Amino acid sequence: QVQLVESGGGLVQAGGSLRLSCAASRNGFSINTMGWYHQAPGKERELVASITSNGNTNSADSAKGRFTISRDNAKNTVYLQMNNLKPEDTAVYYCNAKTLQFPYNHWGQGTQVTVSS
(Lines give C-alpha, C1' and ligand atoms only; values in the text may rest on other atoms or scores of the structure.)
Protein backbone atom coordinates (compact mmCIF):
# COMPACT_ATOMS: atom_id res chain seq x y z
CA GLN A 1 0.00 0.00 0.00
CA VAL A 2 1.01 3.61 -0.53
CA GLN A 3 1.15 5.40 2.82
CA LEU A 4 -0.04 8.99 2.79
CA VAL A 5 0.64 11.33 5.71
CA GLU A 6 -1.21 14.64 5.72
CA SER A 7 -0.41 17.76 7.70
CA GLY A 8 -1.37 21.42 7.82
CA GLY A 9 -5.02 21.39 8.78
CA GLY A 10 -6.42 23.51 11.58
CA LEU A 11 -8.72 26.34 12.59
CA VAL A 12 -8.64 29.59 10.65
CA GLN A 13 -10.87 32.63 10.33
CA ALA A 14 -12.74 33.36 7.12
CA GLY A 15 -10.44 35.03 4.62
CA GLY A 16 -7.40 33.28 6.03
CA SER A 17 -5.05 30.74 4.46
CA LEU A 18 -3.82 27.23 5.12
CA ARG A 19 -1.34 25.00 3.34
CA LEU A 20 -1.92 21.26 3.38
CA SER A 21 0.90 18.80 2.70
CA CYS A 22 0.75 15.11 1.93
CA ALA A 23 3.89 12.98 1.87
CA ALA A 24 3.67 9.60 0.15
CA SER A 25 5.67 6.48 0.88
CA ARG A 26 5.48 4.66 -2.44
CA ASN A 27 6.48 1.20 -1.17
CA GLY A 28 7.23 0.10 -4.73
CA PHE A 29 4.09 1.55 -6.27
CA SER A 30 4.13 3.94 -9.25
CA ILE A 31 2.02 6.97 -8.40
CA ASN A 32 0.24 8.76 -11.22
CA THR A 33 -2.30 11.30 -10.01
CA MET A 34 -2.30 12.81 -6.53
CA GLY A 35 -5.06 14.96 -5.19
CA TRP A 36 -7.13 16.35 -2.38
CA TYR A 37 -10.75 15.55 -1.56
CA HIS A 38 -12.93 16.95 1.18
CA GLN A 39 -15.89 15.59 3.08
CA ALA A 40 -18.22 17.69 5.21
CA PRO A 41 -20.51 16.07 7.78
CA GLY A 42 -23.42 14.31 6.10
CA LYS A 43 -22.04 14.90 2.62
CA GLU A 44 -20.23 12.85 -0.01
CA ARG A 45 -16.47 13.01 -0.39
CA GLU A 46 -15.70 15.39 -3.27
CA LEU A 47 -12.67 16.25 -5.34
CA VAL A 48 -11.03 19.56 -4.49
CA ALA A 49 -8.05 19.41 -6.85
CA SER A 50 -5.73 16.88 -8.45
CA ILE A 51 -2.41 16.90 -10.28
CA THR A 52 -0.80 14.31 -12.52
CA SER A 53 2.84 13.29 -12.47
CA ASN A 54 3.55 15.63 -15.39
CA GLY A 55 1.82 18.60 -13.76
CA ASN A 56 -1.64 18.67 -15.32
CA THR A 57 -4.17 19.94 -12.81
CA ASN A 58 -7.90 19.68 -12.31
CA SER A 59 -9.96 21.46 -9.67
CA ALA A 60 -13.52 21.90 -8.49
CA ASP A 61 -15.27 25.12 -9.41
CA SER A 62 -15.37 26.10 -5.73
CA ALA A 63 -11.57 25.89 -5.56
CA LYS A 64 -10.70 27.82 -8.70
CA GLY A 65 -9.11 31.17 -8.02
CA ARG A 66 -8.59 30.37 -4.31
CA PHE A 67 -6.78 27.02 -4.05
CA THR A 68 -3.57 25.95 -5.77
CA ILE A 69 -2.34 22.37 -5.98
CA SER A 70 1.32 21.62 -6.55
CA ARG A 71 3.58 18.62 -6.40
CA ASP A 72 7.21 17.76 -5.73
CA ASN A 73 7.84 14.46 -7.49
CA ALA A 74 11.31 14.08 -5.98
CA LYS A 75 9.77 14.22 -2.49
CA ASN A 76 6.57 12.35 -3.43
CA THR A 77 4.68 15.20 -1.82
CA VAL A 78 1.58 17.11 -2.89
CA TYR A 79 0.52 20.47 -1.51
CA LEU A 80 -2.73 22.40 -1.40
CA GLN A 81 -2.44 26.13 -0.82
CA MET A 82 -5.83 27.42 0.27
CA ASN A 83 -6.43 31.17 0.30
CA ASN A 84 -9.50 33.26 1.07
CA LEU A 85 -11.03 30.39 3.02
CA LYS A 86 -14.77 30.38 3.60
CA PRO A 87 -16.88 28.68 6.29
CA GLU A 88 -18.24 26.34 3.62
CA ASP A 89 -14.70 25.01 3.12
CA THR A 90 -14.94 23.40 6.57
CA ALA A 91 -14.45 19.65 6.11
CA VAL A 92 -12.04 16.79 6.56
CA TYR A 93 -9.49 16.94 3.76
CA TYR A 94 -8.15 13.64 2.44
CA CYS A 95 -5.06 13.08 0.35
CA ASN A 96 -5.45 10.61 -2.51
CA ALA A 97 -2.93 8.81 -4.69
CA LYS A 98 -3.77 6.80 -7.77
CA THR A 99 -1.33 4.10 -8.75
CA LEU A 100 -0.75 2.00 -11.83
CA GLN A 101 -0.94 -1.15 -9.72
CA PHE A 102 -3.82 -2.62 -7.74
CA PRO A 103 -5.50 -1.41 -5.54
CA TYR A 104 -5.08 1.77 -7.69
CA ASN A 105 -6.65 4.12 -5.09
CA HIS A 106 -4.97 5.05 -1.78
CA TRP A 107 -6.16 7.43 0.95
CA GLY A 108 -4.62 9.33 3.82
CA GLN A 109 -6.19 9.46 7.26
CA GLY A 110 -7.60 12.95 6.73
CA THR A 111 -6.94 16.33 8.30
CA GLN A 112 -9.61 18.64 9.69
CA VAL A 113 -9.97 22.14 8.28
CA THR A 114 -12.33 24.45 10.15
CA VAL A 115 -13.09 27.96 8.95
CA SER A 116 -14.87 30.24 11.40
CA SER A 117 -17.02 33.14 10.29
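1. Y37 is a buried residue because its relative accessibility is 17%, where buried means under 20% relative accessible area, exposed over 50% and partly exposed in between (1.4 Å probe, protein chains only). This note concerns a predicted model, in which local features need pLDDT of at least 70 and side-chain atom pairs count only at pLDDT 80 or more, while totals for chains, interfaces and linings use all residues. Residues are numbered from 1 along each chain as its sequence is written, and side-chain values use heavy atoms, with hydrogens and water left out.

2. The partner of Y37 is W107: the two rings form an edge-to-face aromatic pair, with 5.0 Å from centre to centre and 70° between the planes. Rings of Phe, Tyr and Trp (its six-membered ring) pair if their centres lie within 6.5 Å; planes under 30 degrees apart count as stacked, over 60 as edge-to-face and the rest as tilted. Y37 belongs to strand β4 and W107 to strand β10 (residues 105–107), so this pair ties together parts that are 70 residues apart in sequence. Strands (E, at least two residues) are DSSP runs, numbered from the N terminus. W107 is partly exposed, with a relative accessibility of 34%.

3. By the ring rule, the count of aromatic pairs is three. Y37, Y94 and W107 make up one aromatic cluster. 

4. The rings of F102 and Y104 have centres 5.7 Å apart and planes at 90°, so they form an edge-to-face pair. F102 is exposed because its relative accessible area is 64%, whereas Y104, at 46% relative accessibility, is partly exposed.

5. Four strands build an open sheet in the order β1-β3-β8-β7, with antiparallel pairing. Two strands pair if DSSP finds at least two bridges between them. The edges are β1 (3–7) and β7 (67–72), each of which pairs on one side only. On average, neighbouring strands of this sheet are turned by 15° against each other, direction ignored; the axes behind this angle are lines fitted to C-alpha atoms, and angles run from 0 to 180 degrees between N-to-C directions.

6. The sheet can be followed strand by strand. β1 is joined to the antiparallel strand β3 (residues 18–25) by five bridges, and E6 has C22 of β3 as its bridge partner. β3 and β8 are antiparallel and share six bridges, with L20 facing its bridge partner L80 in β8. Another six bridges link β7 and β8, again antiparallel; here R71 stands opposite V78 in β8.

7. How many residues of strand β8 (residues 77–82) are buried? Five of the six are, and the strand is mostly covered. The hairpin of β7 and β8 has four residues between the strands, and N76 within this hairpin takes a positive phi near 50°.

8. A further positive phi, of about 50°, occurs at N27, which is not a glycine. N27 is placed in the loop between β3 and β4. N32 is part of strand β4; it is partly exposed because its relative accessible area is 31%. N32 and S53 are separated by 21 residues in sequence, and their C-alpha atoms are 5.4 Å apart in space.

9. The largest pocket has a volume of about 210 Å³. On a 1 Å grid over the protein atoms alone, a pocket is an open set of points where a 1.4 Å probe fits, with protein on both sides within 12 Å along at least five of seven lines; lining residues have an atom within 4 Å of a point. Grid points are joined across faces, edges and corners, and the volume is the space filled by probe spheres set on the points.

10. Which residues lie nearest the centre of the largest pocket? Of its 16 lining residues, these are H38, A40, K43, E46 and E88. β4 (31–39) and β5 (46–51) each supply at least two residues of the lining, and β5 gives the largest share, three residues. The lining divides into seven nonpolar, four polar and five charged residues. Ala, Val, Leu, Ile, Met, Phe, Trp, Tyr, Cys and Pro count as nonpolar, Asp, Glu, Lys and Arg as charged, and the others, Gly among them, as polar.
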